[in-house]
Amino acid sequence: MKKVMLVTGASRGIGAQIALLAGREGYKVAVNYLNSEEAAREVVKQIHAEGGEAIAIQADTTNPQDVRDLFQKVDDQLGTLDVLVNNAGILKTFLVEDINAHNVAEMFNANVLSVFYCTREAVLRMSTDKGGRGGSIINMTSVAARLGTMPGGVAYAATKGAIDAFNLALSKEVGGQGIRVNAIRPGLISTEMHNATGGIAEMQERARAIVPMGRAGTAREVAEAAIWLASDSASYVHGSVIDVAGGR
Ligand code: NAP
C-alpha cells in the first residue's frame, strides 16, 4: 500500500524537493503551499510525469482552521497520513531594538505555532493510542538554533531553537504511540528564502567563506535526509536531529 506524506511549504525550495523525491519513492504526496499556486501545481505535474501521485493544497499553516481543513483534504483525497514534514517557514530580519508586537509574532506564528497546529492534527491521526497506525514527523529546524545568525536574525534563530526543543519533547510524548519524531538542521541552502536577506549569490559567497565544505547546500541534499528519516531504514531513529550543513 502506498504511504501518504504531507509536506508543508512544498511549492518551492526544500519542501518542493522533498515532495518530488517522495513522489519518486512511491508516496502519495500532499503539496501544501501558501501563495505560490503555480509553483505548487508544477511540483504536482512533475510528480505525475514521473508516474507518481500528488495533489496541491492551499493552506496557511499559521491559521488553525486552515490546518484542520488541510488535513481533512489529505484524509479525503489521499487517505491515512503516514508522514508529516513540518517544513514551511519564513525568514525576516530585524534587529532586537526594532522588535514590535507584529514582527516578532509573525516569525513565531510562521515558524513555531504553525508546527504545533500541524503536529496536533498529525498526532490525532497517527497515534496508536487513538486507533492510528503510527507514523513519522519530521521538523525543519536550522543551524541558526545552535550557531546564531548574522545581526537581524535573532528572532529567526529563536524560532528554530524552539523547534529543536519541540522536536525533543514531542519525541518523548508520542514515542510510545508509534510515532517517530526527528528533525533536520540545514545550514546555508540555496533557496529563495535568502532573497529576504542579501540574495542567493551573496549567501553563496558567504558559504564559501564560512562552511567547512566551502559551498552552500542544495535543497535536494536536504530532501535526501528527509526521505531517509521517513523511511523504515530509520526505524530506530527517534528524537534525533540530523545536521545537513556542510560541516558547520
Ligand atoms: P523557501 O524557499 O522560502 O520556501 C518556503 C516555503 O514555505 C514556500 O513553499 C512557502 O509557500 C511556504 N510557506 C511559508 N509560509 C507559509 C504558511 N504560512 N503556510 C503555508 N506555507 C508557507 O524556504 P526554504 O529555504 O525551502 O526553507 C524551508 C524550511 O527550511 C524552512 O523552515 C526554513 O526555515 C528551513 N531552513 C532553510 C535554510 C536555507 O538556507 N534555505 C536553512 C535552514 C533552515 P509559498 O511559496 O506558497 O509562499
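Two strands are taken to pair if DSSP finds at least two bridges between them. Strands (E, at least two residues) and helices (H or I, at least four) are DSSP runs, numbered from the N terminus. The model is predicted, so local features need pLDDT of at least 70 and side-chain atom pairs count only at pLDDT 80 or more, while totals for chains, interfaces and linings use all residues. Residues are numbered from 1 along each chain as its sequence is written, and side-chain values use heavy atoms, with hydrogens and water left out.

**View 1. Strands β6 and β7 run parallel.** Strand β6 covers residues 179-186 and is joined to β7 by 4 bridges. A183 has V241 of β7 as its bridge partner. R185 stands opposite D243, also in β7.

**View 2. Strand β6 is also paired with β5.** The pairing of β5 and β6 is parallel and spans 6 bridges. S136 has R180 of β6 as its bridge partner.

**View 3. Strand β6 is mostly covered.** Buried means under 20% relative accessible area, exposed over 50%, and partly exposed in between (1.4 Å probe, protein chains only). In β6, 8 of the 8 residues are buried. One side of the strand carries I179, V181, A183 and R185, and the other carries R180, N182, I184 and P186; all are buried.

**View 4. An open sheet is formed by 7 strands.** The strand order is β3-β2-β1-β4-β5-β6-β7, with parallel pairing. At the edges are β3 (53-58) and β7 (241-244), each of which pairs on one side only. From one strand to the next, the twist averages 15°.

**View 5. Helices α3 and α4 lie across strands of the sheet.** Axes are lines fitted to C-alpha atoms, for helices over the stretch in contact (heavy atoms within 4.5 Å), and angles run from 0 to 180 degrees between N-to-C directions. Helix α3 (residues 64-77) lies across β1 (4-7), β2 (28-33), β3 and β4 (83-86), at about 155° to β3.

**View 6. The ligand is surrounded by 32 residues.** The closest are S11, N35, S36, Y156 and T191. A polar side-chain atom of T191 is 2.5 Å from a ligand oxygen atom. Of the 900 Å² of accessible area that the ligand has on its own (Shrake-Rupley method, 1.4 Å probe), the protein covers 95%.

Technical notes. Near = heavy atom within 4 Å. Polar contact = N/O pair within 3.5 Å; in protein donor to acceptor, adjacent residues only side chain to side chain.
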